[in-house]
Amino acid sequence: MGFADIPMFLTPAQLAELTGEHVGSVRRGCVEGRIPADKVNGRWLICRDTVFSNAKEAIADGKRRPFAGAPV
């Protein structure tokens, strides 16, 4: 999977799948503002460009990576 295969806007479930994070952690990151996201019609949407560097690493080596802003 390459960058072009990643949708422009991701749901928390899609981001969790790409990064190896738990979907609940991604949603919590959205709520707490650690993951830049907008709520549209009651659903979180995350722009792939804001998280691409982390998603790219996770896709490339298949390892779990912390998402942007997560404590290390």
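## Basis of the description

Helices (H or I, at least four residues) and strands (E, at least two) are DSSP runs, numbered from the N terminus. Met-8, for example, has its place in the segment before strand E1.

The structure is a predicted model, in which local features need pLDDT of at least 70 and side-chain atom pairs count only at pLDDT 80 or more, while totals for chains, interfaces and linings use all residues. Residues are numbered from 1 along each chain as its sequence is written, and side-chain values use heavy atoms, with hydrogens and water left out.

## Overall architecture

Three helices and three strands are present in the protein chain. Along the sequence they follow the pattern β-α-α-β-β-α.

Of the 72 residues of the chain, 32% count as buried; buried means under 20% relative accessible area, exposed over 50%, and partly exposed in between (1.4 Å probe, protein chains only). Contact means heavy atoms within 4.5 Å. Among contacts between residues at least 6 apart in sequence, 57% join residues at least 24 apart.

## The H1–H2 pair

Helix H1 (residues 12–19) and helix H2 (residues 23–32) have axes that come within 8 Å and cross at roughly 120 degrees. H1 is therefore oblique to H2. Axes are lines fitted to C-alpha atoms, for helices over the stretch in contact, and angles run from 0 to 180 degrees between N-to-C directions. Angles under 35 degrees count as roughly parallel, over 145 as roughly antiparallel, 65 to 115 as roughly perpendicular and the rest as oblique.

The crossing of H1 and H2 is right-handed; a crossing is right-handed if the near helix is turned clockwise from the far one by less than a right angle, and left-handed if anticlockwise. On the H1 side, Pro-12, Ala-13, Leu-15 and Ala-16 meet Val-23, Val-26 and Arg-27 of H2. The residues of this contact comprise six nonpolar, no polar and one charged. In this classification, Ala, Val, Leu, Ile, Met, Phe, Trp, Tyr, Cys and Pro count as nonpolar, Asp, Glu, Lys and Arg as charged, and the others, Gly among them, as polar.

## The nonpolar core

The largest nonpolar core consists of eleven residues: Ile-6, Leu-10, Leu-15, Ala-16, Leu-18, Val-26, Cys-30, Ile-35, Trp-44, Ile-46 and Val-51. H1, H2 and E3 each supply at least two residues of this core, and H1 gives the most, with three. Such a core is a set of buried Ala, Val, Leu, Ile, Met, Phe, Trp, Tyr and Cys residues joined through side-chain atoms within 4.5 Å.

Ile-6, one of the core residues, is found in the segment before strand E1 (9–10). Ile-6 counts as buried because its relative accessible area is 4%. Ile-6 and Asp-49 are 43 residues apart in sequence and 9.9 Å apart in space, C-alpha to C-alpha.

Leaving aside residues up to four places away in sequence, Met-8 touches Ile-46, Cys-47, Arg-48 and Asp-49.

Ala-37 lies in the loop between H2 and E2 and, at 23% relative accessibility, counts as partly exposed. Not counting residues up to four places away in sequence, Ala-37 touches Cys-30, Trp-44, Leu-45 and Ile-46. Asn-41 belongs to the loop between strand E2 (38–40) and strand E3 (43–47). Asn-41 counts as exposed, at 78% relative accessibility, and its phi is near 50 degrees, a positive value in a residue other than glycine.
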